[in-house]
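Biologist: I am new to this structure and would like to learn how to read it. Could we take it one feature at a time?

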Amino acid sequence: MSKTKVFIAGVLATTAAYVAYKALPKDKQDELSAKAHNTGALLRDKAYDAAYNAADVAADVTEKAKEKTAALKTDSQEKYADQIDAATEKIKDLTDQAAPYVDKAKDFVTP
């Protein structure tokens, strides 16, 4: 079906439901209105509960992920501490060796 047909069908169904509702006696109308209101309130409460539960689960997962990340970081630092220190020293040595050439390049470029 096209969107127009679906829209028209929705309007017709809504109109039919409204006419059927108005054809009911007043006490039945009040009863249906109360049921609809109670159902809406129940659905709203369940939606809030689901949202809060989802937020709690997300917070728990985030906290566990942070704890696991911290543990892995600590483990990796302990396990690879020697390699990290060696790499840091090598980078420092290379930086120190390159410093004079960088200074010469700056002097060459600067008028």
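Modeller: We begin with a term for side chains at the surface: a residue is called buried under 20% relative accessible area, exposed over 50%, and partly exposed in between. Lys92, with a relative accessible area of 46%, is therefore partly exposed. Keep in mind that this is a predicted model.

Biologist: How many of the residues count as buried in the chain as a whole?

Modeller: Of the 111 residues of the protein chain, 1% are counted as buried. The chain exposes about 9,900 Å², and carbon and sulfur atoms supply 64% of that area.

Biologist: Which secondary structure elements does the protein chain have?

Modeller: The protein chain has three helices and zero strands. Read from the N terminus, the order is α-α-α. Helix H2 covers residues 26-79, and helix H3 covers residues 81-109.

Biologist: How many salt bridges are counted?

Modeller: A pair counts when a side-chain nitrogen of Lys or Arg is within 4 Å of a carboxyl oxygen of Asp or Glu. The count here is three salt bridges. One of them joins Lys92 and Asp96, at 3.3 Å from N to O. Both residues lie in helix H3, four residues apart, which is about one turn of the helix. Asp96 is partly exposed, at 44% relative accessible area.

Biologist: Where do Asp30 and Lys26 lie?

Modeller: Asp30 and Lys26 both lie in helix H2, four residues apart. Their side chains meet in a salt bridge of 3.6 Å, N to O. Lys26 has a relative accessible area of 59%, so this residue counts as exposed, while Asp30, at 41%, is partly exposed.

Biologist: What separates Glu31 from Lys35 in helix H2?

Modeller: About one helical turn, because the two residues are four residues apart in helix H2. Glu31 forms a salt bridge with Lys35, and the closest N and O atoms are 3.6 Å apart. Glu31 has 38% relative accessibility and so is partly exposed.

Note on methods
Residues are numbered from 1 along each chain as its sequence is written. This is a predicted model: local features need pLDDT of at least 70, side-chain atom pairs count only at pLDDT 80 or more; totals for chains, interfaces and linings use all residues. Side-chain values use heavy atoms; hydrogens and water are left out. Buried means under 20% relative accessible area, exposed over 50%, partly exposed in between (1.4 Å probe, protein chains only). Accessible areas come from the Shrake-Rupley method with a 1.4 Å probe; for residues, only the protein chains shown count as cover.
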